[in-house]
Amino acid sequence: MVKLVPKVRLKGLTLAGTIMVLFTVFLAVLAPILTPYDPTKSVDLSLQPPSWKHPFGTNKVGQDMWSRTVYGARTILAVVFLSTIVSIMIGVPLGLISGYVGGILDRVLAMIMDAMYAFPGLILAIAIAAAMGPGIINTAVSIAIVYVPTYFRMVRGQTLSIKEQLYVEAARAIGAKPLTILTRYVFPNVVSVIAVVFTLSVADVVLTEAALSFFGLSVPAPTPDWGFDLKAGHPYLLSGYWWLITFPGLMIMILAVGFTFIGEGVAEYLGAREVKI
Amino acid sequence: MAKIFSETGMASLKTFIIARVLALIPTMLILVTLVFFVMRVLPGDPVIAIVGMRAPAERVIELKKKLGLLDEAGNPVPLPIQYLNYLSRLVRGDFGRSLIWGKRPVLVEIMEHFPATVELAIAGFIVSIILGLVLGSLGGWMGGKTSSAVKTYGAITYALFIPWIGMLFQLFFAVWLGVLPVAGRIDTGLEPPTITGLYLIDSVITGRWDSFMSALRHIMLPAITLGLVISGVFTRVTRTSVEEVMRQDFVVAARARGIPEHKILIHVLKNSFVPILTMMGLQLALLMTGAVLTETTFSWPGMGTFLLERIQYRDYTTVQGTVVFFAIIVSLVNLIVDICYAYIDPRIRY
């Protein structure tokens with residue numbers, strides 16, 4: 001068990017999850033120190049099995065798989081981080097305004113968001129990413145759009161319940177402007193909800209990014225990206241070149257499962273059995 | 001309003017169905033609009049992407065006319081008009097034509113690939129239900145360590161990356177053990193005559209057992225991959241449900257009377273079934289996402305592979321049409337599922 005702040009103890013799965021995520025961050029941050037080769041350059045003969053020189057072997061182009069795997073952490077974490085920020089920057093204000101103002105704006109917006117929410121996220125992300133083209137910003141935006149409804153719904157729900165509170169009514173009574181009420185009274189109470197949505201959906205974001213890069217719709221070619229390496233290594237599976245896909249895929253799983261464990265821990269901590277997003 | 005309520009005062013099933021069907025229209029409209037504007041408004045000029053930078057002006061104009069960006073006289077069509085044109089064609093069933101190869105109608109090409117996805121989705125769904133029920137019941141029944149293990153299983157499976165799991169299965173069963181095929185839907189030449197488009201069913205109907213065996217062997221790995229990843233939710237719901245039922249008095253009473261365990265288990269299962277049904281309908285989006293990923297991993301010739309192939313070829317009308325098709329299917333299936341729920345559980349009718 002690890003004691004964080006008082007009363008917050010990490011144990012079991014949540015601890016494991018935190019370790020997994022921190023491990024990935026560690027790889028991303030210390031990438032240049034941890035890797036002897038440039039992941040985008042061809043450094044040796046192609047399709048070498050794992051060895052002392054290349055712990056994860058080399059791929060078809062002769063790139064060192066260990067370096068690509070380590071640097072891949074940067075790519076995926078960057079996209080996940082960026083897309084979450086964009087999702088929050090769009091979804092939260094919309095949720096606040098929609099929930100607080102109500103009326104026809106709220107109904108229309110909620111209907112749009114519900115329609116988007118019911119639609120398979122990956123397919124929407126594919127459509128947007130295909131239209132926008134490759135690149136880290138484009139990918140982050142495509143994924144962000146898919147998760148805006150999730151943040152919107154939670155924030156709107158929370159706003160709806162907060163605005164009935166007595167202190168909000170009191171604020172209105174003393175003449176506070178709606179914007180002031182939103183920023184000073186509603187928003188601080190919504191922050192915890194945002195954190196919950198984040199922990200529960202970030203695993204999904206990781207998998208969506210992996211899927212997009214698997215389809216070649218994420219960052220462009222020489223940039224190390226786990227999903228892309230999976231796709232690139234797939235054709236060689238039949239000939240027994242197992243190391244091309246094993247390690248990138250393993251890292252995707254570690255990151256996604258890590259976030260999932262953290263999310264489960266958070267949900268249990270908050271007392272919710274099944275937190276519905 | 002009094003007329004449409006039955007004597008008990010509850011809304012009738014008919015009202016519910018009508019209300020849901022009416023609600024379908026704005027939902028589908030929103031999605032179609034979203035797809036339309038995503039494909040048109042986002043940066044990147046698809047026309048240049050298709051014909052290349054050096055194409056002569058006439059080619060560009062010709063393509064723009066075909067895409068509906070320019071009208072017959074060569075004047076640019078305003079975006080709202082493009083949108084209305086698209087909608088009006090859509091309601092008549094015209095999804096446009098492909099921009100590549102034979103320029104065939106998009107809908108026709110979609111329908112050629114649709115049955116494969118349906119077959120895979122159903123197979124994966126069945127696998128996930130079986131896994132979910134078996135493991136969930138075990139976890140709920142045994143409690144303790146088994147329950148925790150099942151809980152962890154549920155958490156992990158949801159976070160698995162389908163292509164990777166699929167590839168591991170391929171590596172293990174197809175490459176190293178060589179017992180199952182690596183990819184594809186059936187051995188060439190063994191396709192059964194098309195009745196439903198689902199190979200497993202068609203081969204049984206027409207008595208082609210060689211086709212059946214081939215189709216079965218090919219669907220095993222993809223179905224298990226997909227089913228495994230989807231099973232997480234069912235496992236958790238079953239486990240929770242079984243645990244709750246187990247705590248009830250009739251279980252204690254039955255045990256006290258000396259009724260054998262397996263008979264009690266059957267009763268417990270019967271009572272825990274309803275929440276599972278509820279979850280089934282909500283998994284459609286996950287199922288479709290999973291199906292797309294599974295298809296590309298196993299070269300399964302369904303909608304997922306089709307969509308991605310057309311993206312590679314920049315066949316924008318087909319890509320747009322396929323995504324719209326997905327939206328329609330999702331809305332329709334959700335509608336049917338909701339109606340089934342309302343039929344089973346009268347409390348949830350409006």
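B:Asn334 touches A:Ala118 and B:Leu284, leaving aside residues up to four places away in sequence, so let's start there, bearing in mind that this is a predicted model. B:Asn334 sits in helix H14 of chain B, one of the elements that give two or more residues to the side of chain B that touches chain A.

**Around B:Asn334**
- B:Asn334 counts as partly exposed because 19 other C-beta atoms lie within 10 Å, and 20 or more would be needed to call a residue buried.
- B:Arg20 is 314 residues away from B:Asn334 along the chain, yet the two C-alpha atoms are separated by 9.9 Å.

**Where the two chains meet**
- In the model, 39 residues of chain B are in contact with 39 residues of chain A.
- The elements giving two or more residues to chain B's side of this contact are helices H1 (13–41), H6 (144–158), H7 (162–176), H12 (284–297), H13 (303–312) and H14 (316–344) of chain B.
- H1(B) gives the most, with 8 residues.
- By residue type, chain B's side splits into 33 nonpolar, 6 polar and no charged residues.

**Chain B as a whole**
- Chain B is built from 14 helices and 0 strands.
- Its C-alpha trace spans about 90 × 70 × 40 Å along the principal axes.
- Of the 350 residues in chain B, 36% are buried.
- Take the chain B contacts with a separation of 6 or more: 68% of them are between residues 24 or more positions apart.

**A look at H6 of chain B**
- H6(B) has 15 residues and runs 22 Å from its first C-alpha to its last, close to the 21 Å expected at 1.5 Å a residue.
- Its buried residues are B:Val150, B:Tyr153, B:Gly154, B:Ala155, B:Thr157 and B:Tyr158.
- The cover over those buried residues comes from both chains: it includes helix H10 (243–269) of chain A, along with helix H5 (106–142) and helix H9 (209–246) of chain B.

**The largest nonpolar core**
- This core holds 142 residues, and the ones touching the most other members are A:Ile126, A:Ala127, A:Val206, A:Ala256 and B:Phe161.
- Helix H8 (residues 178–214) of chain A supplies the largest share of the core, 16 residues.
- A:Ala256 has partners in both chains: leaving out residues up to four places away in sequence, A:Ala256 touches A:Ala203, A:Val206, A:Leu207, B:Ala159 and B:Phe161.

**Two loop residues with positive phi**
- A:Leu47 has phi near 55°, a positive value in a residue other than glycine.
- You'll find A:Leu47 in the loop between helix H2 (31–34) and H3 of chain A, where it counts as partly exposed because it has 17 C-beta neighbours inside 10 Å.
- B:Ser299 is another non-glycine residue with a positive phi, near 50°.
- B:Ser299 belongs to the loop between H12 and H13 of chain B, and its 13 C-beta neighbours inside 10 Å are why B:Ser299 counts as partly exposed.

**Confidence in chain A**
- The average pLDDT of chain A is 86, and 94% of the residues score at least 70.
- Among the elements of chain A, helix H3 (residues 65–101) has the highest mean pLDDT at 92, while strand E1 (residues 2–3) has the lowest at 54.
- Go carefully over residues 272–277 of chain A, where the pLDDT is below 50; this stretch has 9 contacts in the model beyond near neighbours in sequence.

Key. Residues numbered from 1 in each chain as written. Chains lettered and ligands numbered in written order. Predicted model: local features only at pLDDT ≥ 70, side-chain atom pairs only at ≥ 80, totals over all residues. Contact = placed C-beta atoms within 7 Å. Helix = DSSP H or I, 4+ residues; strand = E, 2+ residues; numbered from the N terminus. Nonpolar A, V, L, I, M, F, W, Y, C, P; charged D, E, K, R; others polar. pLDDT = per-residue confidence, 0-100. Buried ≥ 20, exposed ≤ 12 C-beta atoms within 10 Å, placed from the backbone. Expected span 1.5 Å × (residues − 1). Core = buried A, V, L, I, M, F, W, Y, C linked by C-beta atoms within 7 Å.
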